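Keep the model open as you read.

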Amino acid sequence: MSRENTDISESDLVWLYRQKIVIFMHVTGMAIALLAPIDQISSGTFIASIVDGVLNVIPMGRNFSVRSNIPELVRLQAAVMVFFMPILIAIYMKCPDFNESQKRMLLIIKKSKAKLILVHSLIIIIPIIFTVFVFFAKGTEFAIAPFLTSKFFLGLLGPIVFSMAPAVTICLLLIIFLVLFKFWSEKNG
């Protein structure tokens, strides 16, 4: 990775963390991990039924809680973080480098046939990775992850694992689709 690409990704990250909703997401994640009463969550309350409903649709939190020492908190945080994903996608699409990323990728695939094939293969690979991560990854694959055993690390890393990682994957796939659409429309038009 060149120094220019590193600077761009760092500036993207700095820009992202200047957004108030991202800071709010992390504060919410930390509050859930450190302050949520575990006995209230697991006793079948209204919150538990909402968490179960969300995790029936997107089972990522349930799958990760399999190997966790604090499964109730992992499930609760995953359910709450799911609601931040669409907001993160919308924020990232407003990022100044979103269009720049598309332009750079378009120039790269115009220059190289091998990279054109690689970008086309990403359309297949990224949805498979996303599907496995969100729907099928069990706690056994992440048994040593600190967010499965520590409330502090759950608060710190949970928002990234349960919200930012899936949102960035969706944005990456969106960028690839947009670049390929532009590439083929320029080639055919």
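Which residues do ring pairs link into a cluster? They are Phe64, Phe147 and Phe162. We will come back to them after a look at the whole.

This is a predicted model, where local features need pLDDT of at least 70, side-chain atom pairs count only at pLDDT 80 or more, and totals for chains, interfaces and linings use all residues. Residues are numbered from 1 along each chain as its sequence is written, and side-chain values use heavy atoms, with hydrogens and water left out.

Start with the fold. The protein has ten helices and zero strands. Both kinds of element are DSSP runs, numbered from the N terminus: helices are H or I with at least four residues, strands are E with at least two. The protein has 189 residues, and 40% of them count as buried. Buried means under 20% relative accessible area, exposed over 50%, and partly exposed in between (1.4 Å probe, protein chains only). The accessible surface of the protein is about 10,600 Å² (Shrake-Rupley method, 1.4 Å probe). Carbon and sulfur atoms account for 70% of that surface.

Now go inside. The largest nonpolar core holds 51 residues. Such a core is a set of buried Ala, Val, Leu, Ile, Met, Phe, Trp, Tyr and Cys residues joined through side-chain atoms within 4.5 Å. Helix α10 gives the most to this core, with twelve residues. Phe64, Phe147 and Phe162 are among the residues with the most contacts inside it.

Back to the rings. A search of the whole structure finds six aromatic pairs. Rings of Phe, Tyr and Trp (its six-membered ring) pair if their centres lie within 6.5 Å; planes under 30 degrees apart count as stacked, over 60 as edge-to-face and the rest as tilted. Phe64 sits in helix α5 (residues 60-65), and Phe147 in the loop between α9 (113-136) and α10 (151-188), so the pair ties together parts 83 residues apart in sequence. Both residues, Phe64 and Phe147, are buried. Beyond neighbours within four places in sequence, Phe147 is in contact (heavy atoms within 4.5 Å) with residues including Ile70, Val74 and Leu157.

End at helix α8, where Gln102 is found. Is Gln102 buried or exposed? Gln102 counts as buried, at 4% relative accessibility. Leaving out residues up to four places away in sequence, Gln102 touches Ile175, Leu178, Val179 and Lys182.
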